[in-house]
Amino acid sequence: MRKILTVLILMVCVIVPSFAAVTDTMLNVGLQNTSSVMTIDPDKDKPFDFKLDLQADFNMIFNNGPGFDVSLMAEQNFNELELGVYYAHKIDVNNDFEIIVMAGPTFQLMGDFGIGMDVKCNFLFDLSSSVYFNIGTGVLMDIVTFPKSGTDVHFVMEIPLPSVGVGIRF
């Protein structure tokens, strides 16, 4: 595991400077409540619960506009791990405030494998030149899961409470 992480870190260190047009490289860590949501789900037997998910995002923005985002989200008890790969677009509103809009597929890696689609919007408030506060929400859609018993096409759309986080710029 250490060898894989070392190779990944070295790849990021080599690849990141090779993008001459990169204007922002950001790492954001935060919490999101994905249980207290407005859900459109035909399964009415789900009980209400409250849980906080840990989320980490890595953004790379080119020419102060388009870019990409890679996100990892884990439940508080680490039973599920979700990977999101998004197209991201940053909009500069003023010197201390930016908006990042993201859309792309998500993959449920732990537990039952699943595929979904997310559309998110994050508001970034600069605390200093390299540290920012992040608040955001979006629409999270689960489309298909592959449990051990077969395939389950079960469309679920959620609008979670806003996530909060702190990020740094490189």
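This briefing walks through the fold, the core, the aromatic rings and a few selected residues of the structure above. The model is predicted, so to speak of local features a pLDDT of at least 70 is needed, side-chain atom pairs count only at pLDDT 80 or more, and totals for chains, interfaces and linings use all residues. Residues are numbered from 1 along each chain as its sequence is written, and side-chain values use heavy atoms, with hydrogens and water left out. The protein chain has one helix and 10 strands; helices (H or I, at least four residues) and strands (E, at least two) are DSSP runs, numbered from the N terminus.

**Overall fold**
- Along the sequence, the elements of the protein chain come in the order α-β-β-β-β-β-β-β-β-β-β.
- Of the 170 residues in the protein chain, 36% are buried; buried means under 20% relative accessible area, exposed over 50%, and partly exposed in between (1.4 Å probe, protein chains only).
- Looking at contacts (heavy atoms within 4.5 Å) between residues at least 6 apart in sequence, 49% join residues at least 24 apart.
- The protein chain has an accessible surface of about 10000 Å², and carbon and sulfur atoms account for 70% of that surface; the areas come from the Shrake-Rupley method with a 1.4 Å probe, and for residues only the protein chains shown count as cover.

**The nonpolar core**
- Eight residues form the largest nonpolar core: Met-26, Ile-61, Tyr-86, Ala-88, Ile-100, Met-102, Leu-124 and Tyr-132.
- Strand 5 (81-94) and strand 6 (97-108) are the elements that give two or more residues to this core.
- Such a core is a set of buried Ala, Val, Leu, Ile, Met, Phe, Trp, Tyr and Cys residues joined through side-chain atoms within 4.5 Å.
- Met-102, a core member, touches residues including Tyr-86, Ala-88, Asp-118 and Lys-120.

**Aromatic rings**
- The whole structure holds five aromatic pairs.
- Phe-97 and Phe-123 are a stacked pair, because their ring centres are 6.1 Å apart and their planes lie at 5°.
- This pair links distant parts of the chain, with Phe-97 in strand 6 and Phe-123 in strand 7, 26 residues apart.
- For the cut-offs, rings of Phe, Tyr and Trp (its six-membered ring) pair if their centres lie within 6.5 Å; planes under 30 degrees apart count as stacked, over 60 as edge-to-face and the rest as tilted.
- Phe-97 counts as buried at 18% relative accessibility, whereas Phe-123 is partly exposed at 31%.
- Ring pairs also tie Phe-97, Phe-123, Phe-125 and Phe-133 into a cluster.

- Ser-71 sits in strand 4 (residues 66-74) and counts as buried, with 3% relative accessibility.
- The side chain of Ser-71 makes a polar contact with the side chain of Gln-55 at 3.4 Å; a polar contact is a pair of N or O atoms within 3.5 Å, and within protein one must be able to donate a hydrogen and the other to accept it, while residues adjacent in sequence count only if both atoms are side-chain atoms.
- Ser-129 lies in the loop between strand 7 (113-126) and strand 8, and is exposed, with a relative accessible area of 70%.

**Strands 8 and 10**
- Strand 8 (residues 131-146) and strand 10 run antiparallel and are joined by six bridges; two strands pair if DSSP finds at least two bridges between them.
- Val-131 stands opposite Ile-168 in strand 10.
- In strand 10 (residues 163-169), Ser-163, Gly-165, Gly-167 and Arg-169 make up the covered face, and Val-164, Val-166 and Ile-168 the uncovered one.

Notes: Lists of a residue's contacts leave out its neighbours within four places in sequence.
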